[in-house]
Amino acid sequence: MLSTEPRRLEEKQAQSAPITNDGNLTIAKAIANLQGDDLGLRVYSAWWLGRFRVDDPIAVDLLIAALDDEDDRTSAGGYPMRRNAARALGKINNPKAVQPLIESLGCADFYVREAAAQSLEMLGDRSCLEALQKLLANQIPGTLPAPEKKDLAQPYDAILEALGTLGAVEAIPMIEPFLSHEIERVKFAAARAMYQLTLLGENPASANQYGDMLIEGLQHDELQIRRTALADVGAIGYFNAAPAIAATLAENSLKLISLKGLLEKQIEHNHAQSKMQANSHSDPLLPVSEEMAQVMRFMDELL
């Protein structure tokens, strides 16, 4: 059982000191660490289990239990152990974690809610949509704003991205106002979600206006904002953005990841179209279009 006995702040700070991986951690050791008293080892082991996507029943149960951890607290009242557990559960992708993660959307800690929303997006279970929409509307009581930015009530970017990925078309009226949000990453997350959801509607061609908003972000003066736009445009596979991605003033590694996202989405789309037309299994050897070939040339130039 995970200990829930409160510890004094100085003890927690000492035990939460960073540790290094000695290369000898195993699944059995990580599971044992999660049940131990060393907070540093517990936090690290939660991260490790997620990093290597260890879908072990005992590990999953312990990580779910850690979503209610009270031992590991920051001076600002945050829950580092809960954050790592929430992130790990998304990477492990075990459906057993869906309901506990939905409940974590009500945690006071801003970053626990952010991690829970991101993991629910990874898990792909639409049963979380009602809770995500309530959180987007700031209708879940007891939640605290971001510690560094008190006027940011919720992790809006994570919520918006989850709603887009999960196909929450019914949430479009709630998402649209965020297209003019003062924080660029939130605005981009809204554009990303609107692109995905508009593609599912009656006029998919109108989705391009939201992809174009992300292309504008690729030309922003601030590097971090350009990086965010690269991630978003790659995640939605907006093919029209390929030349702008290649020309963005950012690290080549990030541009390659974004271009790879475009190719993956296009291949996924082509296979789906092929399967629908043939009404059978899709052809694994679909021809490469000139547009796809151009993206690959962009990638070659960045290597």
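Reader: What volume does the second largest pocket have?

Author: This is a predicted model, in which local features need pLDDT of at least 70, side-chain atom pairs count only at pLDDT 80 or more, and totals for chains, interfaces and linings use all residues. Residues are numbered from 1 along each chain as its sequence is written, and side-chain values use heavy atoms, with hydrogens and water left out. A pocket is an open set of points on a 1 Å grid over the protein atoms alone where a 1.4 Å probe fits, with protein on both sides within 12 Å along at least five of seven lines; lining residues have an atom within 4 Å of a point. Taken as the space filled by probe spheres set on the points, the volume of the second largest pocket is about 230 Å³.

Reader: Which residues lie nearest the centre of the second largest pocket?

Author: Its lining has 15 residues, divided into eight nonpolar, three polar and four charged. Nearest the centre are Ala76, Gly77, Gly78, Leu144 and Pro147.

Reader: How far apart are the closest N and O atoms of Arg42 and Asp69?

Author: The two form a salt bridge, meaning a side-chain nitrogen of Lys or Arg within 4 Å of a carboxyl oxygen of Asp or Glu. Both Arg42 and Asp69 are buried, that is, under 20% relative accessible area with a 1.4 Å probe, protein chains only. Their closest N and O atoms are 2.7 Å apart.

Note on methods
Nonpolar A, V, L, I, M, F, W, Y, C, P; charged D, E, K, R; others polar. Buried < 20%, exposed > 50% of the residue type's maximum accessible area, 1.4 Å probe, protein only.
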